[in-house]
Amino acid sequence: MQNEYKEIIQGMQQNPLHYEWYGLLGRYYAEQGQSNLAYLCYEQGIHFCNEREEKQSLEKELERAASQPDFSVNPVSIVILAQDDVSVLREALDSIQEQQSGTLYEIVVVCQPSFRYVYEQAEKCERARFICSESKKESFGEGINTGIKNTKIHNDIYLMSSDAVLLPNTLFWLRMSLYERQTIGAAGGISNVGDKLQRFEPPCKTMEEYIAASENLNIPDDFAHENRLWLDSFSLLIKRSALDRVGLFETDQTCWYSCIDYGMKLAGAGREAVLCYNSFIWRRGKEHIQYDPDDFDRLKDRWGFSVPYYFASRLDIVEKIHHEQQEEIWVLEVGCGCGTTLSAIRCQYPNAHVYGIELMEHVAAYGKYMADIVVGDIETMEIPYEKNMFDYIIFADVLEHLRRPEQVLERMKHFLKQDGTILASIPNLMNIEIVINLLKGNFTYRDAGLLDRTHIHLFTLREIQKMLQDTGYVVKAVQKNDHREGFLEDSPENRRMIEALFQIEGIADWKEFDAYQYLVEAALCV
């Protein structure tokens, strides 16, 4: 059975627009008792099929899947917030009609009064219902909510940017992801424009090239899914049962805030949000998702912790995993937050077993679907893992927060395999921005960054190396990250101070001042 599945997937990857593969995949899922996925495959096969008898056969299979007791697939309502370019909106609407079967969806377009001429110009577009908002200037959340309220009450909701073009299989793979498990409440895709964690830009210049690229992107993939805490709204599919459970979007806030807040509500309700790397949609716009600096404080006030801080995914850490993608690996992250880095590892390494330890219980609760997370203080807790269990133990900006980091490193040796790796990122006390401010008499702690007020220990490169060596590790590699907070280049006074500083005999190498933090790989001493 598994060989049959692999053959079907290989066929779909080679020819993703041929109806036969969708019929075969539908039958595979039907035999596995997954009627929802079988239904979606038959539905897509019908969309691609031009052979009368074959289409009738697929329609019978579709009816059979829909008659199963566990069947729960809903049609889709596509909600679009109109901007002030009618031609761009028409392009989006045309792409929907080209890529989706007409009986399976409805389109609701929300226009603000200032864009009324969009309504007047475009209201004759087939299959689209236009809602002219009563508010003079709706927020993102208000506009989305207006659209949702005007959809059929049993439909799933697909939020699509008005500057987007639906490509072959974009929505199909989102729906397949959404119905893979009952616990999945939302699925989002990738695009050439958007949040950097959902952005992928193929080397394309024309629409024809993007369509061709999508046929290589919107295909089955073992590395397609990643659990996320939030998803951008440019291509976001929400299951109706999840919407009914958590409600509508927050109003009077930025798009960025509203999307993160909605992800948190889904997670709090026990629903997964899944990013689908095999669902690519093209966008004409150049703007990324907009946010207000005050959003950080608003989110903290609403959820009780700094949400962006704890859900940040450390892709630089993920890049340090050196195993082959199909290998079985065991990974522990100490101070894992909501587990997003572990989720990224599990996405890239589907046979990875990922575990986390997090001090803050209410933060760890949102990582339910990211990893196997336990709550505790790494310095005092009983560590619930077997000896020599892990290929990688991660300390991403954690050691500087500990009272006795050396003791923790000593403890963790027992849980690391003999050929395992410690991955640690540690801020650099010698960063030139700190040094220049210190020379001016300033050493001001902040809520985050190099002088985070919760830092207990401060390190230079040599002290990092000494700490690891003293606790029984050998440093295998050191990478410096050069992020800066941006004041140096703008001040002639600062430049003169730096030039004078480096006239001092015996001063350390410039690289030790340039580093913002160090990413260290260490192994057990043999």
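Tutor: Two strands count as paired if DSSP finds at least two bridges between them. Please keep in mind that this is a predicted model.

Student: Which residue stands opposite Y518 in β16?

Tutor: That residue is I426. Strand β14, residues 416-427, is joined to β16 by six bridges, and the two run antiparallel.

Student: And how many bridges join β15 to β16?

Tutor: Eight bridges join them, again in an antiparallel arrangement, with β15 covering residues 473-481. Within that pairing, N481 is placed opposite Q517 of β16.

Student: Is β16 mostly covered or uncovered?

Tutor: Strand β16, residues 517-524, is mostly covered, as eight of its eight residues are buried.

Student: In what order do the strands of the sheet come?

Tutor: The order is β12-β11-β10-β13-β14-β16-β15, seven strands in an open sheet with mixed pairing. At the edges stand β12 (372-375) and β15; each has a single partner strand, so one side of each lacks a neighbour in the sheet. On average, neighbouring strands are turned by 15° against each other, direction ignored.

Student: Which way do β10 and β13 run, parallel or antiparallel?

Tutor: They run parallel: four bridges connect β10 (residues 329-334) with β13 (residues 390-396). Here E333 faces I394 of β13.

Student: Which helices pack on the sheet?

Tutor: Helix α15, residues 340-348, touches β10, β11 (352-358) and β13, and its direction makes about 175° with that of β11. Helix α19, residues 461-470, touches β14, β15 and β16, at about 155° to the direction of β15.

Student: Changing topic, how many aromatic pairs does a search of the whole structure find?

Tutor: The search finds 23. One of them is Y28 with Y29, an edge-to-face pair at 5.5 Å centre to centre and 70° between the planes.

Student: Why are Y28 and Y29 classed as buried?

Tutor: Buried means under 20% relative accessible area. Y28 is classed as buried because its value is 8%, and Y29 because its value is 12%.

Student: What about F172 and W173?

Tutor: Their rings are also edge-to-face, 4.7 Å centre to centre with 65° between the planes. Both F172 and W173 are buried.

Student: Which residues do ring pairs link into a cluster?

Tutor: The cluster consists of W303, F305, Y309, Y310 and Y366.

Student: Finally, what sits over the ring of Y179?

Tutor: The charged end of K239 does, at 4.9 Å from the ring centre.

Notes: Residues numbered from 1 in each chain as written. Predicted model: local features only at pLDDT ≥ 70, side-chain atom pairs only at ≥ 80, totals over all residues. Heavy atoms only, no water. Phe/Tyr/Trp six-rings, centres within 6.5 Å; stacked < 30°, edge-to-face > 60°. Buried < 20%, exposed > 50% of the residue type's maximum accessible area, 1.4 Å probe, protein only. Lys NZ or Arg CZ within 6 Å of the ring centre and 35° of its normal. Axes fitted to C-alpha atoms, helices over the stretch in contact; angles between N-to-C directions. Contact = heavy atoms within 4.5 Å.
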